[in-house]
Number of protein chains: 2
Amino acid sequence: MTQIEAARSGNLTEEIKLVAEQERRSPEFIAEGLKRGTIVIPVNLLRRGRYAVGIGEGLATKVNANLGTSPDSVNLDRELAKLKVAIEAGAHTVMDLSTGGDLAAIRKAILEASSVPVGTVPIYEAAVRVARSRRSIVEMKEDELFEVIEDHLKSGVDFVTVHCGVTRSVLRQLKECGRLTDVVSRGGSFVLEWIYYNEKENPLYERYDDLLDLAKTYDATLSLGDGLRPGSIADATDLVQIGEMVVIGELVARARKAGVQVMVEGPGHVPLNEVESNVILEKKVCKGAPFYVLGPLVTDIAAGYDHVAGAIGGAVAAAAGADFLCYVTPSEHLRLPDVDDVREGVIATRIAAHVGDIVKGIPGASEWDHSMSEARKALDWDRMLRLAIDPERATKLRKSSMPKDSEICTMCGEYCAMKKVKGVLGEER
Amino acid sequence: MTQIEAARSGNLTEEIKLVAEQERRSPEFIAEGLKRGTIVIPVNLLRRGRYAVGIGEGLATKVNANLGTSPDSVNLDRELAKLKVAIEAGAHTVMDLSTGGDLAAIRKAILEASSVPVGTVPIYEAAVRVARSRRSIVEMKEDELFEVIEDHLKSGVDFVTVHCGVTRSVLRQLKECGRLTDVVSRGGSFVLEWIYYNEKENPLYERYDDLLDLAKTYDATLSLGDGLRPGSIADATDLVQIGEMVVIGELVARARKAGVQVMVEGPGHVPLNEVESNVILEKKVCKGAPFYVLGPLVTDIAAGYDHVAGAIGGAVAAAAGADFLCYVTPSEHLRLPDVDDVREGVIATRIAAHVGDIVKGIPGASEWDHSMSEARKALDWDRMLRLAIDPERATKLRKSSMPKDSEICTMCGEYCAMKKVKGVLGEER
């Protein structure tokens, strides 16, 4: 029985119970969200019992870390090291976006090693298969694409990004309206090229019912990719982006009708003052489907520090209701991330998610801050370091510069305000 | 003639002209801001001709980097290295917050080496002098405090933080209302202790006119410090913080009447959904005085990554109208920052400032993003790296992982969407 079927029939799956426990909500709350489509629990039927992560309204904002090789950079051990670091740093899910090396073997290794849900973008592998048979992507047969999707689901993938909203009509809008950076989504560009040269509709849209059948068979979650997401703040919230979202809104309704879990992917590059509107729009047009944003990046110029630009956008998006943040690493726009990038990206994105959770009033969120501030007032360093978002990093920084008086730190030394004011106010209380 | 006097009499100083040029505004726009008190140009009369930085309404958001020793960590060479890195990374001003070693000599060395305005917090040195004469801060004579302030201004300091708003009435409010983290400002805690034990009013408030005279003599800018800023998100925007701001609002009006340049310091720890309100409040209560915020930090738990928490708060604050962001480094709450921390803190804060400037519509802000995105579309890597916020870091990351095809990067390799889509749309346009 799929999670939605279980929820609809009043059966509480193990996953529903586990998510309820993690989120400090009742199982009925989670089941209700599954029924309404405002919550998804991405776990392939073949992977039941390994993990349970809830994404959606009323739940803590989740963080995804992208892994995977590229044609120029293939190293399975490094990808497994990245997986380990991502999970240690607190990523709630990972995606294997490999396009270099033995893709099936890499996916299998990541699925075996992962203790969190795994997502993929099957069209990447479809494109690679076609390229390796010395054909152009535009020569890809529709069945080849669906075969790869089935291969992925059969191997246990929990959620797949599918660019169903890139339709002929959206391509026309793109051509007519123009953009500064056109298309920056790899999957989006494959579909677009295919549509353009074949003069046919996107098979992921045309044969969406087949896709729904496949997803339902494995209880996989569809993540409706935004192939036309803005790649520059100048293109944000334009007719093309919103045109695609309107198509996606229709597809969300059809997935729900079919009993398939679905979430919606979002931008991309968005100026800070448009982030909230983007979230509101998705929540309305897609009737509360969980919103999975990539960043958003609130400036185009932060290469080398895009995790910071992504944390700014992600925090504001989460506070406005985004449910799921895809991390951005310091290497975005420059190279395939390395292990350190992954750690940095996950932590920065977790900060953004937590900042949003405080605003959302998620159970336990501001309590964490409260405990930290209590520890600060008590000058309790063990507790402060334990409560830091990355205890290892915090401990390392503290240990690198120890004060003479172990109650304080080397920033203010003996002039520590916390310590001094205790004398004035402490005796009064 | 002070900058305000010049503006009032219709004389355009060199500084007014330089600021106008940098900001792509007319000199009259800058002069008008000086007259109204919505813009300051912090440069000591003794330092005229060295630099000109405008802070305030209609100007690009500026970034300050804190430097300085602490009793546990004294090394002048390191502080000078931090100054160099801060300026290279793009800090618009620095503050010397030293409390360890030969304070006058450190200040002198920083003033000599700095090519940007320098601020200080004179009460730190007053406290250190008292401590070194084996007395408690509460035994500090009022004249000793004013002597230090004059010493600082005489040595050329451009702006000084003075905690004039920490009054007996605010102390009473603090005692009555209670807080999670009481007082986290060093200067605030000195003043508070002094008031409490001496049962007298804060001399910086009581003798504010003397302070105004001193500031005017050197055309130094007063930065009205928020000694009661919240040190935890739980304390944000509380009666105590706002009580102090009300006092500061009165003092802003008096400074303007006296022809003294003045700005207002702000929080501190503030949950994301209260950041905008804090800016609006300051702009109203302090009648448009430039707002200089520390962060704000939108969570208490990010020790080790507080530059990220600060960038989130700073971006939202700048977008809402904050004029000047004090950087926060990864070492905040843990230790005195090192040279790498300074660089990381300045860049993260510059990203926040730029993100705010895009929203504010500052001339040149979104044009930068536009140029970067044009370079991306053109696959022009030299231009992309040159336009990155930190070209050195971006170049290093790119060079560490070069693709076979020099047009693309190792993230997507040959599947680069930018490159592929050129084929589809490029020929059409």
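**Close-up 1. B:Ile312 and its surroundings in the predicted model.** Skipping neighbours within four places in sequence, B:Ile312 is in contact (heavy atoms within 4.5 Å) with A:Ala311, A:Ile312, A:Ala315, A:Ile351, A:Ala352 and A:Val355, plus B:Leu272 and B:Val298. B:Ile312 also belongs to the largest nonpolar core, which has 258 residues. Such a core is a set of buried Ala, Val, Leu, Ile, Met, Phe, Trp, Tyr and Cys residues joined through side-chain atoms within 4.5 Å, where buried means under 20% relative accessible area with a 1.4 Å probe, protein chains only. The residues with the most contacts inside this core are A:Leu222, A:Ile312, A:Ile351, B:Leu222, B:Ile312 and B:Ile351.

A quick note on the set-up: this is a predicted model, where local features need pLDDT of at least 70, side-chain atom pairs count only at pLDDT 80 or more, and totals for chains, interfaces and linings use all residues. Residues are numbered from 1 along each chain as its sequence is written, chains are lettered from A in the order in which they are written, and side-chain values use heavy atoms, with hydrogens and water left out.

**Close-up 2. Where chain A meets chain B.** Each partner puts in its share here: 107 residues from chain A and 107 residues from chain B. Together the chains bury about 8,900 Å² (accessible area lost on being put together, 1.4 Å probe, summed over both parts), with 67% of it on carbon and sulfur atoms. On the chain A side, A:Ile301, A:Tyr305 and A:Tyr415 lose the most area to chain B, together 10% of what that side buries.

**Close-up 3. The A:Lys377 and B:Asp182 pair.** These two side chains meet in a salt bridge, 3.1 Å from N to O; the rule wants a side-chain nitrogen of Lys or Arg within 4 Å of a carboxyl oxygen of Asp or Glu. Across the interface of chain A and chain B, six salt bridges turn up.

**Close-up 4. Domain 1 against domain 2 in chain A.** Eight residues of domain 1 are in contact with eight residues of domain 2, and the area buried between them is about 760 Å². In domain 1, A:Arg343, A:Arg350 and A:His354 lose the most area to domain 2, together 53% of what that side buries. A:Arg343 also forms a salt bridge with A:Asp390, the closest N and O atoms being 3.0 Å apart.

Conventions. Buried < 20%, exposed > 50% of the residue type's maximum accessible area, 1.4 Å probe, protein only. Buried area = accessible area lost by both parts, 1.4 Å probe.
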